Amino acid sequence: MTWKCAVVNIPFGGAKGGVICDPTKLSNGELERITRRYTAELIEWFWTGARCAAPDLGTNEQTMAWIMDT
């Protein structure tokens, strides 16, 4: 992720984790709750200094909005 973001000159990057699930089988509400809980658990890692979670495969504007709002 660090290299991918550096190549296109955006201020995101670093390693990240994830949640094992099939988002196509989840309702919008379930996906929101999972996203917000994941963000809440890792909040101090996301927002320390200049680090910020970068969107990746399967992450859309709504998902990033939930992360930002949380």
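The side chain of Thr 35 reaches the backbone oxygen of Leu 31 at 2.8 Å, a polar contact in the sense of a pair of N or O atoms within 3.5 Å, where within protein one must be able to donate a hydrogen and the other to accept it, and residues adjacent in sequence count only if both atoms are side-chain atoms. This is a predicted model, in which local features need pLDDT of at least 70 and side-chain atom pairs count only at pLDDT 80 or more, while totals for chains, interfaces and linings use all residues. Residues are numbered from 1 along each chain as its sequence is written, and side-chain values use heavy atoms, with hydrogens and water left out.

- Thr 35 sits in helix α2; helices (H or I, at least four residues) are DSSP runs numbered from the N terminus.
- Thr 35 counts as buried because its relative accessibility is 9%, where buried means under 20% relative accessible area, exposed over 50%, and partly exposed in between (1.4 Å probe, protein chains only).
- Once neighbours within four places in sequence are set aside, Thr 35 is in contact with Thr 63, Trp 66 and Ile 67; contact means heavy atoms within 4.5 Å.

**Helix α4**

- Thr 63, Trp 66 and Ile 67 are the residues listed as buried in α4.
- These residues lie on the same side of α4, because they cover an arc of only 100° around the axis; the arc is that of the directions from the helix axis to the C-beta atoms.
- Helix α2 is included in what covers the buried residues of α4.
- Glu 61, Met 68 and Asp 69 are exposed on the other side of α4.
- At the start of α4, Asn 60 places a side-chain oxygen within 3.0 Å of the backbone nitrogen of Gln 62.

**Salt bridges**

- The whole structure contains 3 salt bridges, each defined as a side-chain nitrogen of Lys or Arg within 4 Å of a carboxyl oxygen of Asp or Glu.
- Arg 36 and Glu 32 form a salt bridge at 2.9 Å, N to O; both residues belong to helix α2 (residues 28-41) and are 4 residues apart, about one turn of the helix.
- Arg 36 is partly exposed, with a relative accessible area of 24%, and Glu 32 is partly exposed, with a relative accessible area of 25%.
- Arg 36 also forms a salt bridge with Asp 69, at 2.8 Å, N to O. This pair links distant parts of the chain, with Arg 36 in helix α2 and Asp 69 in helix α4 (residues 61-69), 33 residues apart.
- Asp 69 counts as exposed, because its relative accessibility is 54%.
- Glu 41 and Arg 37 meet in a salt bridge at 2.8 Å, N to O. Both are in helix α2, 4 residues apart, about one turn of the helix, and both are exposed.

**Nonpolar surface patch**

- Val 7, Val 8 and Ile 10 make up a nonpolar patch on the surface, with about 280 Å² of accessible area together.
- Patch residues have over 30% relative accessible area and no salt bridge; like charges are joined within 9 Å, and nonpolar side chains (Val, Leu, Ile, Met, Phe, Trp, Tyr) within 5 Å.
- Accessible areas come from the Shrake-Rupley method with a 1.4 Å probe, and for residues only the protein chains shown count as cover.
- Val 7 is part of helix α1 (residues 2-7) and is exposed, with a relative accessible area of 67%.

Note on methods
Helix = DSSP H or I, 4+ residues; strand = E, 2+ residues; numbered from the N terminus.
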